[in-house]
Amino acid sequence: ITQLQLREQQALAIIAAQDEKLVQLGTEVGEMQLSHEAHSSKQSTLDQGIREVTAMKKQLAQDRALMGDAIKRAEVATLQAEKQRVAQVQQKQEAWKRDFAEKQKQQEMTVEAMAALRE
């Protein structure tokens with residue numbers, strides 16, 4: 001074997017080793033890309049979930065505010081109805097007092113008339 005052939009074989013061996021290394025690196029890069037794509041997909045799903053949870057939190061806050069407003073309106077309506085009932089009771093009491101005073105006055109007048117008749 002000549003010196004040139006020996007160098008040629010060594011160069012071919014080095015090239016073959018480099019080709020094998022390139023194939024191995026290409027496979028690793030492909031695997032890394034697949035892993036990155038899977039991670040990106042998971043991240044996208046996670047981001048979507050976070051957006052949905054954020055939207056649900058906003059809706060919940062709005063619902064709570066609406067419920068609070070509805071409760072306040074119901075409380076105001078209840079208080080107004082109670083005030084009306086109290087006013088009605090007070091009116092009835094005043095009417096009863098007037099009637100009682102009127103009847104008492106009539107009894108006193110009757111008693112005075114009877115006393116006058118006895119004299």
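Let me begin with a definition: a salt bridge, as I use the term today, is a side-chain nitrogen of Lys or Arg within 4 Å of a carboxyl oxygen of Asp or Glu. With that in hand, a search of the whole structure, which is a predicted model, finds two salt bridges.

Before I turn to those pairs, a word on the overall fold. The protein has one helix and zero strands, and its C-alpha atoms fill a box of roughly 170 × 10 × 10 Å along the principal axes. The radius of gyration is 51 Å, whereas a compact globule of 119 residues would have a value near 14 Å. Of those 119 residues, 0% count as buried, and the accessible surface comes to about 11300 Å², with 59% of that belonging to carbon and sulfur atoms.

Now to the charges. There are 17 positive and 18 negative side chains, and the centres of the two sets lie 9 Å apart.

Which side chains meet in the salt bridge at 2.7 Å, N to O? They are those of glutamate 82 and arginine 85, and because these two are three residues apart in helix 1, which covers residues 3-118, they are separated by about one helical turn. Glutamate 82 is partly exposed at 37% relative accessibility, and arginine 85 is likewise partly exposed, at 43%.

The other pair is glutamate 94 and lysine 97, whose side chains meet at 4.0 Å, N to O. Glutamate 94, at 42% relative accessibility, counts as partly exposed, as does lysine 97, with a relative accessible area of 48%.

Key. Residues are numbered from 1 along each chain as its sequence is written. This is a predicted model: local features need pLDDT of at least 70, side-chain atom pairs count only at pLDDT 80 or more; totals for chains, interfaces and linings use all residues. Side-chain values use heavy atoms; hydrogens and water are left out. Helices (H or I, at least four residues) and strands (E, at least two) are DSSP runs, numbered from the N terminus. Buried means under 20% relative accessible area, exposed over 50%, partly exposed in between (1.4 Å probe, protein chains only). The radius of gyration is taken over C-alpha atoms; the globule rule is 2.2 Å times the number of residues to the power 0.38. Accessible areas come from the Shrake-Rupley method with a 1.4 Å probe; for residues, only the protein chains shown count as cover. Lys and Arg count as positive and Asp and Glu as negative; His and the chain ends are not counted. The place of a charge is taken as NZ of Lys, CZ of Arg, CG of Asp or CD of Glu.
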